[in-house]
Amino acid sequence: MKKRLIFLLAIFCAASLAGCGYATHTTAYKKATRIFIRPFENKVDLNIEREYSDRNPYRLYRAGMETKVTDAIIDRFLVDGYLKVVSREDDADLVLSGALINFDKQPLRYDQKSENVAEYRANIIVDMSLENVSQGKKTWSEKGFVGFFEYNQSGPNSVSEDAAINNAIADLAKRIVERTVEDW
């Protein structure tokens, strides 16, 4: 019995030493601790020659939305705390760049008469890239990266369009920070 217990303990120790580990931080940027976020550009194309449909929703424009996106990303990095946000690009190890390329309201559900939209999805779409300044190379880039929020415009759970946009921007910022720091 004692030999069996020692054998099981040895297997457990060997598995612990050689087995999969768990880290509470990213291993992607071991030396990077500071990030600079360039102001996002607004590249929303308002070309209205395309026909509107459920698959091709309205493209909308909101003045200053790119500023809200940039501010939300900075705030999210500050809350996350893994990378320090710096105000000068020269002080950064990583530089995040991006552009707002689309904002649309996508109908998700119609009322019982199928005449009015009962539920929408607000989509905020950006292109972005992360550059490792110390290595002088692009770490990753994403095209069509989406943050969204689904909402009702009427009823007891209704949300205003402004609140839905703010929630979609918050979702986008959370996803961008996760994409940046959680490269497991």
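## A look at the predicted chain

Phe7 is found in helix α1, which spans residues 2–18. Helices here are DSSP runs of H or I with at least four residues, strands are E runs of at least two, and both are numbered from the N terminus. With a relative accessibility of 52%, Phe7 counts as exposed; the cut-offs are under 20% relative accessible area for buried, over 50% for exposed and partly exposed in between, using a 1.4 Å probe and protein chains only.

Residues are numbered from 1 along each chain as its sequence is written, and side-chain values use heavy atoms, leaving out hydrogens and water.

**The whole chain**

The protein chain has 3 helices and 7 strands, running α-β-β-β-α-β-β-β-β-α from the N terminus on. Of its 184 residues, 34% are buried. The chain exposes about 12,000 Å², with carbon and sulfur atoms supplying 51% of that; areas come from the Shrake-Rupley method with a 1.4 Å probe, and for residues only the protein chains shown count as cover. Take the contacts (heavy atoms within 4.5 Å) between residues at least 6 apart in sequence: 70% of them join residues at least 24 apart.

As for confidence, pLDDT is the predictor's own score for each residue, from 0 to 100. The chain's mean is 84, and 80% of its residues reach 70 or more. Confidence is lowest in strand β3 (residues 58–59), at a mean of 64, and highest in helix α2 (residues 65–80), at 96.

**Around Asn123**

Asn123 lies in strand β6 (residues 117–132) and, at 8% relative accessibility, counts as buried. Its side chain makes polar contacts with the side chains of Asp104 (2.9 Å) and Gln106 (3.3 Å). A polar contact is a pair of N or O atoms within 3.5 Å; within protein, one must be able to donate a hydrogen and the other to accept it, and residues adjacent in sequence count only if both atoms are side-chain atoms. Leaving aside residues up to four places away in sequence, Asn123 also touches others, including Phe103, Val146 and Phe148.

**Salt bridges**

A search of the whole structure turns up 12 salt bridges, each a side-chain nitrogen of Lys or Arg within 4 Å of a carboxyl oxygen of Asp or Glu. Here are some of them.

| Pair | N to O distance |
|---|---|
| Glu41 and Lys43 | 3.9 Å |
| Arg62 and Glu161 | 2.7 Å |
| Glu119 and Arg109 | 3.2 Å |

Arg62 forms its salt bridge with Glu161, and this pair links distant parts of the chain: Arg62 is in the loop between β3 and α2, Glu161 in helix α3 (residues 161–181), 99 residues apart. Arg62 is partly exposed at 28%, and Glu161 is partly exposed at 21%.

Glu119 pairs with Arg109; Glu119 sits in strand β6 and Arg109 in strand β5 (residues 94–110), so they tie together parts 10 residues apart in sequence. Glu119 is buried at 19%, while Arg109 is partly exposed at 42%. Shared partners also join Arg62, Lys105, Glu161 and Asp162 into one salt-bridge network.
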